[in-house]
2 protein chains.
Amino acid sequence: MNNSIRAEVITIGDEILFGQITDTNTQWIGTELTNIGIRPVRKSSVGDQADAILQILHEAHERADVIIITGGLGPTKDDITKKTLCQYFGVELVRNEQALALVTSFFEKRGRDMTDLNRGQADLPANAIYMQNDWGTAPGMWFEHQERVYVSLPGVPFEMKHLMTNRILPKLKEHFKTPIIKHKIIRTVGIGESFLAERIEAWEDALPAHIKLAYLPHFGQVRLRLTATGDNEVTLDRELDEQVQKVLPLIEKNVFGYDNDELETVVGNLLKEKNLTLATAESCTGGYVASRITSVPGSSAYFQGSIVSYSNDIKIKQLGVRPETLEQFGAVSEETIRQMAEGVRKVLNTDVGIATSGIAGPDGGTPDKPVGTVWIACATDQRTVTRLLKLGQYRDQNIQLTSTYLLNLLRETMIERVKE
Amino acid sequence: MNNSIRAEVITIGDEILFGQITDTNTQWIGTELTNIGIRPVRKSSVGDQADAILQILHEAHERADVIIITGGLGPTKDDITKKTLCQYFGVELVRNEQALALVTSFFEKRGRDMTDLNRGQADLPANAIYMQNDWGTAPGMWFEHQERVYVSLPGVPFEMKHLMTNRILPKLKEHFKTPIIKHKIIRTVGIGESFLAERIEAWEDALPAHIKLAYLPHFGQVRLRLTATGDNEVTLDRELDEQVQKVLPLIEKNVFGYDNDELETVVGNLLKEKNLTLATAESCTGGYVASRITSVPGSSAYFQGSIVSYSNDIKIKQLGVRPETLEQFGAVSEETIRQMAEGVRKVLNTDVGIATSGIAGPDGGTPDKPVGTVWIACATDQRTVTRLLKLGQYRDQNIQLTSTYLLNLLRETMIERVKE
């Protein structure tokens with residue numbers, strides 16, 4: 001990789017240095033640059049002081065071909081990136097009409113008045129190439145200066161990602177003639193990283209040298225990322241496909257999709273294909289399963305609704321769980337979860353009902369049912385399947401994992417259904 | 001702040017540069033240093049190459065009084081921090097008997113054999129002061145070199161935190177006679193960054209030189225962070241409190257808390273104080289409001305449940321919305337949202353009912369009701385308050401913002417209630 005294009009990623013903001021916000025931008029940028037064959041050599045954060053920003057720019061110029069700067073583009077006084085870039089490049093701030101039109105329309109659409117601070121967001125260093133930010137009022141900027149590329153982006157993660165994905169990465173690929181790197185991601189659920197690694201070991205060891213494998217685990221899911229480097233896109237794509245076909249039989253049950261497929265989207269597509277409707281009954285996940293399902297545009301085609309039954313009273317009155325069941329077995333039991341899934345299906349009049357009930361923590365655990373004990377269920381006209389999860393002690397993680405395992409149970413149920 | 005002790009935090013590892021792991025260490029270290037009055041001036045990540053490490057050490061020496069290095073202390077070959085530190089300081093690696101005893105006992109306790117690689121973990125640069133790591137085999141090290149302090153720590157977060165908390169931070173406080181830095185964060189909701197800035201401009205301009213202000217915006221919330229530097233903790237705390245008292249009347253309606261307060265926690269505490277129970281009826285937010293409320297441990301004390309009514313059918317059958325209302329005004333209307341909030345309160349038998357109905361996007365907009373049109377409501381025994389939101393075109397953002405504005409409407413309703 002020594003001949004590759006070198007990148008330096010700089011984040012600007014006291015709040016990052018002082019540890020008051022989590023910087024997720026540089027990790028994301030590091031991944032994306034690596035993905036297009038540009039090699040990050042340094043990541044730095046500096047405060048909102050002109051001298052510190054100037055110093056890092058001069059340093060970065062010495063060791064990198066492309067310098068990506070995020071942060072410090074907001075309208076308030078503590079944001080000085082643009083002024084400092086002017087000083088660095090030896091240019092003036094100039095109002096950009098395209099940028100002004102965008103800021104103006106942003107405020108008009110919301111029926112809000114624009115202040116001079118807002119108008120100032122359309123002022124760019126004179127040598128900037130304007131990169132339109134569709135998601136906010138702070139523009140992206142591209143500079144070419146003494147054989148280096150400088151990119152300045154807002155620090156708000158979704159605005160930065162939008163600009164990188166749609167404007168900057170394509171332009172970087174074009175500007176530097178980067179080698180061709182192709183990725184294929186196999187998305188798995190319900191199998192741990194080390195079990196997965198054991199199962200596919202022989203295949204992994206036989207991968208050709210120009211195809212690399214990475215395991216990217218995240219809350220009950222593992223992404224297997226294959227990266228192929230070469231000079232022919234068609235060949236690389238074919239080689240990647242061949243490798244996928246080889247490994248698939250070893251892990252087929254756990255593969256739910258590829259690349260950017262999300263579990264909630266895959267499940268939604270299965271429901272649409274089969275023309276089935278869905279409802280959820282949630283206790284320990286408190287609405288999180290429904291919110292994942294409805295994060296998918298168009299989910300109203302199959303998702304009818306949810307009853308979040310945090311109290312036993314609602315389990316009884318809204319879902320029809322029998323009081324005796326709750327008394328004898330408790331809310332966190334196979335008997336209750338079965339009645340919840342079947343109940344919501346009936347009450348909300350859907351084809352499928354899924355349900356969660358468990359002890360998310362940190363309180364509420366007992367020796368019999370420690371924190372992390374969770375029941376999930378999926379009920380259809382054909383059958384009700386229940387599953388017991390034994391999770392950890394952290395509330396957030398338990399909610400995350402429960403929702404993933406329940407969506408996976410729903411996915412498996414939908415796939416089984418085909419076979420009948 | 002120019003006279004304060006300056007710190008540089010360096011992380012070593014290709015995996016961080018390439019975005020393969022999340023670096024949580026530097027944020028934590030930044031917070032801890034700031035809390036003892038040491039000012040982080042730069043954060044950097046470099047790869048596992050000796051020349052890159054030497055370069056950053058030389059640079060850091062120029063701008064910082066204390067340099068904290070994490071990572072690169074594992075037993076494998078790609079971890080070269082110690083060798084490079086030797087080169088930098090011009091010393092040899094020397095086996096440290098205390099460190100060796102610890103590594104040995106670590107392996108004995110686990111009944112595992114020690115390799116030469118493991119024994120090598122007890123080799124330290126000759127000028128190192130050994131800092132015992134009770135939680136792993138990689139030692140911490142303290143160096144004093146040309147009027148600078150260098151600290152080298154393992155990158156494993158819990159080992160690093162243990163060493164920082166118990167060994168390094170106390171020693172830093174003792175070594176440097178540190179100025180004191182205090183922070184106070186005012187948390188606001190429902191007012192944009194630039195409007196906030198205009199409203200408090202006079203106050204901001206009148207802040208004394210040793211108190212700085214930063215704006216930290218995030219989805220409908222803005223954190224105002226005040227940072228005061230001096231030599232007397234009690235005085236600084238008093239000055240920060242005085243500034244908060246001065247600015248508060250200008251923005252009182254928008255302030256929901258301080259420091260680490262979260263909106264969902266604040267709202268939960270208000271409900272608990274007043275001994276009120278809550279239910280939600282959600283359409284466009286699809287369960288997200290309930291999931292935010294239930295992300296708070298102990299929320300079952302006041303939160304009873306939610307009816308997520310994605311379909312009109314459920315709005316009618318479960319929430320008691322009148323079919324004529326839906327027909328005449330549509331699901332996204334003041335009339336419907338009122339019946340949803342009042343309906344869920346009645347059906348789930350709670351004191352308070354809150355509701356959302358809107359067009360989250362990307363589809364479903366009309367000229368009259370474009371994507372981003374959202375109604376929210378809060379119903380109590382005393383009254384029902386409704387509000388129309390005009391949001392943007394992005395589904396995720398619309399869901400996020402709606403949930404924040406609804407929690408804020410609930411907060412305001414609870415506060416108004418006191419006054420009656």
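Q: Helix 2 of chain A and helix 7 of chain A: is their crossing left-handed or right-handed?
A: Helix 2 of chain A passes helix 7 of chain A in a right-handed crossing. Right-handed here is when the near helix is turned clockwise from the far one by less than a right angle, left-handed when anticlockwise. Helices (H or I, at least four residues) and strands (E, at least two) are DSSP runs, numbered from the N terminus.

Q: Before we go on, what sort of model is it, and how does the numbering work?
A: It's a predicted model, where local features need pLDDT of at least 70 and side-chain atom pairs count only at pLDDT 80 or more, while totals for chains, interfaces and linings use all residues. Residues are numbered from 1 along each chain as its sequence is written, chains are lettered from A and ligands numbered from 1 in the order in which they are written, and side-chain values use heavy atoms, with hydrogens and water left out.

Q: OK, back to that pair in chain A. At what angle do the axes cross?
A: Roughly 20°, with the axes of helix 2 and helix 7 (residues 157-175) of chain A coming within 11 Å. So helix 2 of chain A is roughly parallel to helix 7 of chain A. Axes are lines fitted to C-alpha atoms, for helices over the stretch in contact, and angles run from 0 to 180 degrees between N-to-C directions. Under 35 degrees counts as roughly parallel, over 145 as roughly antiparallel, 65 to 115 as roughly perpendicular, and the rest as oblique.

Q: Which residues of helix 2 of chain A meet helix 7 of chain A?
A: From helix 2 of chain A, they're A:N25, A:W28, A:I29, A:E32 and A:L33. Their partners in helix 7 of chain A are A:P157, A:M160, A:K161, A:M164, A:T165, A:L169 and A:L172. Contact means heavy atoms within 4.5 Å. This contact of helix 2 with helix 7 of chain A divides into eight nonpolar, two polar and two charged residues. Ala, Val, Leu, Ile, Met, Phe, Trp, Tyr, Cys and Pro count as nonpolar, Asp, Glu, Lys and Arg as charged, and the others, Gly among them, as polar.

Q: And how far apart are the axes of helix 2 and helix 7 in chain B?
A: They're 11 Å apart, packing at about 20°. The two helices of chain B are therefore roughly parallel to each other, and their crossing is right-handed. By class, that contact has eight nonpolar, two polar and two charged residues.

Q: What about helix 3 and helix 4 of chain B, at what angle do they cross?
A: The axes of helix 3 (residues 50-63) and helix 4 (residues 81-89) of chain B cross at roughly 50° and come within 10 Å. That's why helix 3 of chain B counts as oblique to helix 4 of chain B.

Q: Who touches whom there?
A: B:A50, B:I53, B:L54, B:L57, B:H58 and B:H61 of helix 3 of chain B meet B:T84, B:L85, B:Q87 and B:Y88 of helix 4 of chain B. By class, that's six nonpolar, four polar and no charged residues.

Q: Switching to the backbone: where's the cis peptide bond in chain A?
A: Between A:G361 and A:P362, with omega about 0°. A:P362 is in the loop between strand 15 (352-358) and strand 16 (373-379) of chain A. In chain B, a cis peptide bond joins B:G361 and B:P362, with omega about 0°.

Q: What's the phi of A:Q146?
A: Near 45°, a positive value in a residue other than glycine. A:Q146 is in the loop between strand 7 (140-145) and strand 8 (148-153) of chain A.
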